[in-house]
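Hi,

Here is the structure I promised to pass on. Have a look at it first, then read my notes below.

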Amino acid sequence: MKKSVIISIATVVVFSLTACNKHENNSQTNASQTTTEQVAQNAKESAAKAAEAAKENASKAVEATKEAAAKASEAAKEVANKAKEAANKAAEAAKESASKAVEATKEAAAKASEAAKEVANKAKEAAAAATGADNSKGKTLFAKCQSCHGADGKTHALGKSAIIAGQNEEDLVKKIEAYKAGTRNVAGMGALMNGQVKNLSDEDIKALAKYISSLK
């Protein structure tokens with residue numbers, strides 16, 4: 001009987017120990033589960049906070065980008081306006097310069113025209129003076145022609161020659177030179193004319209021809 005009691009006691013002890021171990025294991029398992037759930041909850045909350053922060057940062061970045069774009073657009077408009085103003089000023093200056101250049105050109109042209117007129121008038125006066133001098137010499141040389149051709153050159157010499165007044169100057173030069181050379185004899189007056197012109201120089205002949213051609 002003692003042996004049976006001892007066995008019974010041993011069985012109770014073993015059962016109690018097993019129960020205690022099982023209870024302890026269950027407690028540890030429950031504690032582990034509680035810790036895992038807490039970690040998961042914390043991670044979830046952290047993730048939610050991070051997402052909210054990221055969303056807020058993204059919104060701020062969008063606003064900052066919009067503000068920067070608006071400022072850039074405003075700056076671009078200001079630069080464009082200044083460039084337009086500068087271009088308008090340059091165009092106005094160019095227009096003013098062109099107008100001044102036109103005026104200066106007109107003034108220079110007017111002065112040049114006036115100078116040209118003055119030069120032309122002086123040349124005309126000089127030519128008139130030279131012509132007058134030639135006519136004066138020609139008139140003197142014509143004095144010994146008047147007895148046959150008349151003072152105005154409109155008399156038919158000896159009733160035979162043509163009227164010489166107003167004839168072409170170059171033709172008269174050639175005719176007088178031919179009489180001087182003795183190669184011309186019109187109406188038998190070649191010898192007479194040769195005697196009249198044989199002592200004339202080339203300049204004398206030109207002056208005489210000019211004067212006769214001027215008789216109208």
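A quick term before we start: a polar contact is a pair of N or O atoms within 3.5 Å; within protein, one must be able to donate a hydrogen and the other to accept it, and residues adjacent in sequence count only if both atoms are side-chain atoms. This is a predicted model, where local features need pLDDT of at least 70 and side-chain atom pairs count only at pLDDT 80 or more, while totals for chains, interfaces and linings use all residues. Numbering runs from 1 along each chain as its sequence is written, and side-chain values use heavy atoms, without hydrogens and water.

The protein chain has five helices and zero strands (DSSP runs of H or I, at least four residues, for helices, and of E, at least two, for strands, numbered from the N terminus). Of its 216 residues, 14% are buried, meaning under 20% relative accessible area with a 1.4 Å probe, counting protein chains only.

Now find Ser213, in helix H5 (residues 202-214). Ser213 is buried, at 13% relative accessible area. Its side chain reaches the backbone oxygen of Lys210 at 2.8 Å. Beyond neighbours within four places in sequence, Ser213 is in contact (heavy atoms within 4.5 Å) with Gly166, Gln167, Glu169 and Leu172.

Then there's the largest nonpolar core, with 18 residues; such a core is a set of buried Ala, Val, Leu, Ile, Met, Phe, Trp, Tyr and Cys residues joined through side-chain atoms within 4.5 Å. H5 gives the most to this core, five residues. Ile176 is among those with the most contacts inside the core.

Cheers

Note on methods:
Buried means under 20% relative accessible area, exposed over 50%, partly exposed in between (1.4 Å probe, protein chains only).
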